[in-house]
Amino acid sequence: MKWPAHVEALQGAVVALGARELGPNAARWDSSAGFEPTFAAKVADWGLFGVSVPEVQGGAGAGLLGAAVVIEEIAAHSGSLAMRLALHEGVAVGFALGLADTSLLARLIGNGGFAGWVGLGRGVTAEQSSDRLRLQGSVCMAPGDGDLVVAGHGTGGPRVGFVAADQLSSGRARAACGLRAVGWTDVVIDADVEHSGNAAVAARLGARLSVLIGAVACGLARAAISQATAYAQVREQFGQSIAQFQAIQWKLANGATERDAAWLLVTDAAGRLDAQRPAANEAAARAQLAAVRMSVSACSEALQVHGGYGYTREFPIERLLRDARACTAIDRGDDDLRAALAAAITARFE
Amino acid sequence: MYDLVPEPGELAVQTLAQRIAGEVLRPAAVDLDRRGGFPTESLLALSRSGLMGINVPRDLGGLAAGPVAYSLAVTALAHACASTTVALCVNNMVAEVVTHFGSPDQRAAHVPKLCDGGHVVGAFALSEASAGSDPAGMRTRARRTERGWVIDGSKLWITSGSDAGLFVVWAKTSDDPGTRGISCFLVPGDTPGLSRGKPEHKLGLCGSTTCAIEFSGCEVGPQALLDDVGRGFRVAMMALDGGRIGIASQAIGIGRAATQAAASWACERYGANGVPQGVAFALADSATELDAAALLTLRAAWLKREGRPFSHQASMAKLLASEKAFAACNRALGMMGAQGQDCDHPVERFFRDVRVTMIYEGTSEVQRVVVSRDIARRYDADPRSPSELRL
């Protein structure tokens with residue numbers, strides 16, 4: 001696909017970075033369920049924070065589309081890092097951009113660490129007073145133990161606020177099936193925050209995150225299909241490479257077709273959100289729904305191509321499948337996405 | 001047609017398996033999965049119960065309960081702990097192979113020890129690095145000597161390879177093309193020249209070991225040869241046909257456990273009468289598909305019990321059961337969101353464990369080859385008679 005020149009340049013840089021820094025370490029991050037303490041600083045140095053932020057505000061100026069391209073590329077190496085960036089860029093950076101809060105943006109683009117997200121439906125209450133938002137709740141399996149953007153329900157409807165890490169009490173770390181290096185942690189939230197947003201803000205952040213979760217899912221699927229293709233060409237059974245069997249060819253063909261279709265939905269939704277076009281949130285939900293379902297299927301089929309080898313950790317394919325499956329654990333699940341889409345579709349007929 | 005209602009003796013074995021699953025396997029499953037290794041204590045309890053030789057004659061230490069009882073028991077055990085169950089399945093398969101193909105001396109020497117834990121467990125050493133779905137690619141060789149046979153080569157993905165006391169080993173004994181030159185040997189685990197690799201790190205079944213086994217100048221006596229020279233492939237295929245009933249049953253047990261866990265979660269979250277259709281229908285699909293797979297599996301087991309051909313029916317059962325069980329676990333994990341991903345909840349273990357049922361003892365693709373060949377054969381025999389494809 002042809003991107004604007006500055007997005008293409010970013011993508012090229014991430015391709016090189018992935019081969020040099022990410023791919024060789026991804027399995028270790030997965031097995032140790034986290035990154036090194038200094039890793040966020042490295043990510044900031046690589047320019048991976050603030051990709052969607054305009055250059056005048058200190059970012060890379062690539063918009064959400066650029067962030068999706070970068071995150072898709074990273075996911076092909078490390079799903080966990082890609083998801084941490086999706087949360088950081090999609091929600092936290094999106095929140096700061098919406099507020100035009102330059103100090104918060106500087107914190108997020110600089111070396112403030114990864115920020116996470118606790119979406120609606122996780123049991124957090126949000127009570128707005130005249131100048132403060134009080135967020136309270138215990139959240140099981142929040143992504144990471146850094147700053148959090150937290151959404152909650154209150155008497156005035158949904159509200160969302162930025163909670164700095166030092167306002168949170170972290171509980172025990174949780175072992176998870178996939179995206180292990182995200183660093184799943186129980187947190188207790190009891191914070192008064194200054195900056196807050198309403199339901200529309202929560203919806204916009206959810207849409208940004210949907211696009212970037214879709215990008216993670218597409219990157220995982222692309223890696224899985226690439227690895228299955230390479231393996232099928234060298235693995236010989238019954239006197240020929242297994243790539244010559246129609247059963248394998250169809251898996252690869254179906255996987256590549258469905259992955260490309262999902263990626264087009266993701267980039268279309270990113271473009272709509274960047275341009276603030278109508279129905280952008282609906283497009284984002286559709287992209288996430290399609291991409292995550294596609295990714296689980298593509299990774300599972302790619303594992304099948306690997307046969308018994310695919311079930312072992314000797315090959316990265318089992319990690320890709322776990323990571324793809326975990327994409328639904330970050331925010332809205334399939335049923336929530338379908339409900340949102342159905343509401344949008346039926347609203348058009350009213 | 002088929003009488004798929006189990007007999008009282010078969011149901012008694014199912015009840016026994018359910019009791020041991022509840023009392024022994026389920027309480028140990030989480031810890032076993034986390035620490036990895038071999039399920040020694042659970043297998044010891046299974047050895048005491050007779051379940052290590054369900055389809056083995058009583059005079060050899062088994063329950064003589066037949067393949068239907070075996071299927072029901074495996075489903076009940078896998079519902080609690082798939083890792084322990086796979087070791088039991090392979091042990092039962094080895095015990096049946098020795099019972100069926102072994103000489104009286106071989107049967108007496110090994111089958112009682114497979115049933116009572118004297119061998120710890122048995123292992124099935126067929127696959128190799130270059131011979132997964134295609135046994136003709138086998139490179140392990142057995143050379144005849146004055147004192148018996150010397151085996152050289154290496155095997156891969158051997159379930160229970162770390163602890164097994166008896167290996168059924170397949171090796172080429174001639175240069176005949178294809179599978180004709182393959183013979184089968186019984187090799188005790190302490191035979192000099194047999195060495196065990198480190199257990200593989202795997203996606204699931206972390207409480208069961210999967211190892212490479214090396215044979216380097218491994219010398220065995222003439223009594224180690226199972227069945228005749230060059231007949232090993234027939235032994236393997238017969239064992240795998242029965243084994244596929246076991247894997248189908250295992251998949252159904254895991255799929256049902258995931259579906260029940262998800263249903264329990266849904267009722268707690270939404271209330272029994274408030275589960276939304278998106279969740280409720282997914283559970284209905286899982287329950288329906290797993291019941292269909294269970295009936296296919298019982299059909300294959302019934303045919304085996306009656307001494308009738310059951311090869312393609314076993315493949316159908318394994319194909320449907322493994323794929324629908326994976327779908328059920330995938331649905332369960334998806335509907336539970338972050339909670340499903342939490343390693344404190346068993347559904348993520350079910351998801352990791354079930355995936356291999358589409359791979360081992362013949363991938364889904366191999367099952368489709370078996371089923372499609374059978375369809376082609378029957379149509380070729382009488383192309384005007386589609387009724388040939390009826391049950």
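How many residues does the contact take from chain A and from chain B? I counted a pair as in contact if the C-beta atoms, placed from the backbone, lie within 7 Å. On that basis the contact takes 26 residues from chain A and 34 residues from chain B.

**Basis.** I worked on a predicted model, in which local features need pLDDT of at least 70, side-chain atom pairs count only at pLDDT 80 or more, and totals for chains, interfaces and linings use all residues. Residues are numbered from 1 along each chain as its sequence is written, and chains are lettered from A and ligands numbered from 1 in the order in which they are written.

**Chain A against chain B.** At least two residues each come from α8 (280-306), α9 (308-311), α10 (317-326) and α11 (334-349) of chain A. I then sorted this side of chain A by class and found 11 nonpolar, eight polar and seven charged residues. Here Ala, Val, Leu, Ile, Met, Phe, Trp, Tyr, Cys and Pro count as nonpolar, Asp, Glu, Lys and Arg as charged, and the others, Gly among them, as polar.

**Domains of chain A.** I took the bounds from an automatic or database domain assignment. Chain A has domain 1 (5-109), domain 2 (116-198) and domain 3 (201-349). The C-alpha centres of domain 1 and domain 2 of chain A are separated by 21 Å. Their contact draws 17 residues from domain 1 of chain A and 15 residues from domain 2 of chain A. On the domain 1 side, α1 (5-32) and α4 (79-99) of chain A each supply at least two residues, and the largest share, 10 residues, is that of α4(A). I noted 10 nonpolar, four polar and three charged residues on this side of domain 1 of chain A.

**Domains of chain B.** The division of chain B is into domain 1 (8-121), domain 2 (123-230) and domain 3 (233-377). Between domain 1 and domain 2 of chain B, the C-alpha centres lie 22 Å apart. I found 26 residues of domain 1 of chain B in contact with 19 residues of domain 2 of chain B. Two or more residues of the domain 1 side come from each of α1 (8-35), α4 (82-101) and α5 (104-116) of chain B; α4(B) gives the most, with 11 residues. This side of domain 1 of chain B has 16 nonpolar, eight polar and two charged residues.

**Helix pair α3(A) and α6(A).** I fitted axes as lines to C-alpha atoms, for helices over the stretch in contact, with angles from 0 to 180 degrees between N-to-C directions. The axes of α3 (residues 63-75) and α6 (residues 199-234) of chain A come within 7 Å and cross at roughly 35 degrees. Residues of α3(A) in this contact include L64(A), A68(A) and I71(A), and those of α6(A) include V211(A), A215(A) and G219(A). By class, I recorded 12 nonpolar, one polar and three charged residues.

**Helix pair α6(A) and α7(A).** The axes of α6(A) and α7 (residues 246-274) of chain A are 9 Å apart, at an angle of about 155 degrees. The contact of α6(A) with α7(A) has 17 nonpolar, three polar and three charged residues.

Definitions and conventions. Two residues are in contact if their C-beta atoms, placed from the backbone, lie within 7 Å. Helices (H or I, at least four residues) and strands (E, at least two) are DSSP runs, numbered from the N terminus.
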